[in-house]
Amino acid sequence: MPNNVKVVDDFSYIFKNKIKRSVVTAFSITLYKAIFSHLKFIKSVSDLKLIIKYVSSYLTYYDFFSNLEEIDSAAIIYTYWFNEAPLAFSEIKKQKEKNFKVISRAHRYDIYEGLESTLPFWVYRQKTIEQTDCIYSISLKRIGFILDSVVAFAKTVPYRKIVWTHFGDGDELLTLKKKAQAITPENMVVNFKGNVENSQIYEHYATESTDLFINLSSSEGIPVSIMEAQSFGIPVIATNVGGSCEIVVTQTGILLSENPIIEDVVNALSSILIEKSINNMKVKEYWKDNFDADRNYSEFSKAISKLI
C-alpha cells in the first residue's frame, strides 16, 4: 500500500453490528420518511424489507463518515457500487457544506429495476442520480437460445466436431441439460461447467482451443465476460444491447440485432468458424487498446484527478 494511502477499517466492524443498526433504524425518522416516499412501490413484505435494509445501510454510512475527521480534507469520494453509499455521501456534502465531489460506478445491477436479475425498485434512485457528481456506468442471458443456435449450426456442418462449453448456472440449468441431451446431434459435444472461479475460466482459455465466445443476452452493461475472452484473442458474437456495441466491433466479432433469429446466429457462427472472418491478433489488439484494465485504471485515475 502506498505511503499516502490510509485504510480505515473501523467502518466494517460498525457495519457488521446488525443489532445496533436495527435499533438505530427503527427509531429513525428517516425510515418512516422513506416508507412514505415509496408507498406506491410497496407490494409485499419483501419490498418493505428492501426499504428497511437500504435505510439501515444509508444511516450507517452517514453517521460514520459525517463524523470522520479525514472527510474534511477529502477532494473526491468514490464508491464502487451505486447504492446507499453515494446518497449518504451526497447528503453529507450538502448538509455539512463539504467541498468534495461524489463519484460512483454504476453496474448493470444498479441501473435496471424490475428485471428477473435485479431488484423490483431502487430506493431514492432519482435523488441519488441527481445528487451524485459523476456516475460511471459499467439475466436475460438466453442460454437456451444459444443452445438452439449452436445445434442448428452443428447440423449444417456434420463433418466438423462442434464443442460448446457453458460456464455458469441458474434455475434453468437442469432443464437446459435435459434439453441438450435430447437435441444435440452426433457431431456436437456440450460441456456444462457450472459456476467456477474466474481463474478457471482463464485457464480454460489458455489451455483449450477456443474459437469463439457467444453472448446473446437481452440486457447488458459492457460485459466483462467479453473483455476476458477478447484478452485471449477470442472473437465474439453478441447482441446489440447495452454497451456491447462498444466492445464488439468489426475487428473483434459480429454484433447481432437485439432480438436475432436462429438463422442470424448460424450465419454469424459460419462467418467466424468456417470463413475465418475475424483475425485473433486483431481481437487482442483492440482489447489492449480499449479494455486492458491496467491501462484503463490509469486513464480513469487521470479523469478523476481532473475533477479536483
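**A first walk through the predicted model**

The accessible surface of the protein chain comes to about 17,900 Å², and 52% of that surface belongs to carbon and sulfur atoms. The chain has 15 helices and eight strands, its C-alpha trace spans about 70 × 45 × 30 Å along the principal axes, and of its 308 residues 42% are buried.

Let me begin with the salt bridges, of which a search of the whole structure finds five. In one of them the side chains of Lys6 and Glu70 meet at 2.5 Å, N to O. Lys6 lies in the segment before H1 and Glu70 in the loop between helix H4 (45–65) and S1, so this pair ties together parts that are 64 residues apart in sequence. Lys6 counts as exposed, at 59% relative accessibility, whereas Glu70, at 33%, counts as partly exposed.

Another salt bridge joins the side chains of Lys98 and Asp72, at 2.3 Å, N to O. Here Lys98 is in the loop between helix H5 (84–95) and strand S2 (101–106), while Asp72 is in the loop between H4 and S1, so the parts tied together are 26 residues apart in sequence. Asp72 is exposed, with a relative accessible area of 53%.

Within helix H5, Glu91 and Lys94 are three residues apart, which separates them by about one helical turn, and their side chains meet in a salt bridge of 3.6 Å, N to O. Glu91 is buried, with a relative accessible area of 4%, and salt bridges that share partners join Glu91, Lys94 and Lys127 into one network.

Turning to strand S1 (residues 76–79), we find Thr79 there, and it counts as buried because its relative accessibility is 7%, under the 20% cut-off. The side chain of Thr79 makes a polar contact of 2.9 Å with the side chain of Ser104, and reaches the backbone oxygen of Trp81 at 3.2 Å. Beyond its neighbours within four places in sequence, Thr79 is in contact with residues including Ala85, Pro86, Phe89 and Ile103.

Finally, what covers the buried residues of helix H13? The cover includes helix H8 (143–156) and the strands S6 (213–215), S7 (236–239) and S8 (253–256). H13 itself runs over residues 262–273, and among its buried residues are Val265, Val266, Leu269 and Ile272.

Methods. Residues are numbered from 1 along each chain as its sequence is written. This is a predicted model: local features need pLDDT of at least 70, side-chain atom pairs count only at pLDDT 80 or more; totals for chains, interfaces and linings use all residues. Side-chain values use heavy atoms; hydrogens and water are left out. Helices (H or I, at least four residues) and strands (E, at least two) are DSSP runs, numbered from the N terminus. The expected span of a helix is 1.5 Å times one less than its number of residues. Buried means under 20% relative accessible area, exposed over 50%, partly exposed in between (1.4 Å probe, protein chains only). Contact means heavy atoms within 4.5 Å. A polar contact is a pair of N or O atoms within 3.5 Å; within protein, one must be able to donate a hydrogen and the other to accept it, and residues adjacent in sequence count only if both atoms are side-chain atoms. Accessible areas come from the Shrake-Rupley method with a 1.4 Å probe; for residues, only the protein chains shown count as cover. A salt bridge is a side-chain nitrogen of Lys or Arg within 4 Å of a carboxyl oxygen of Asp or Glu.
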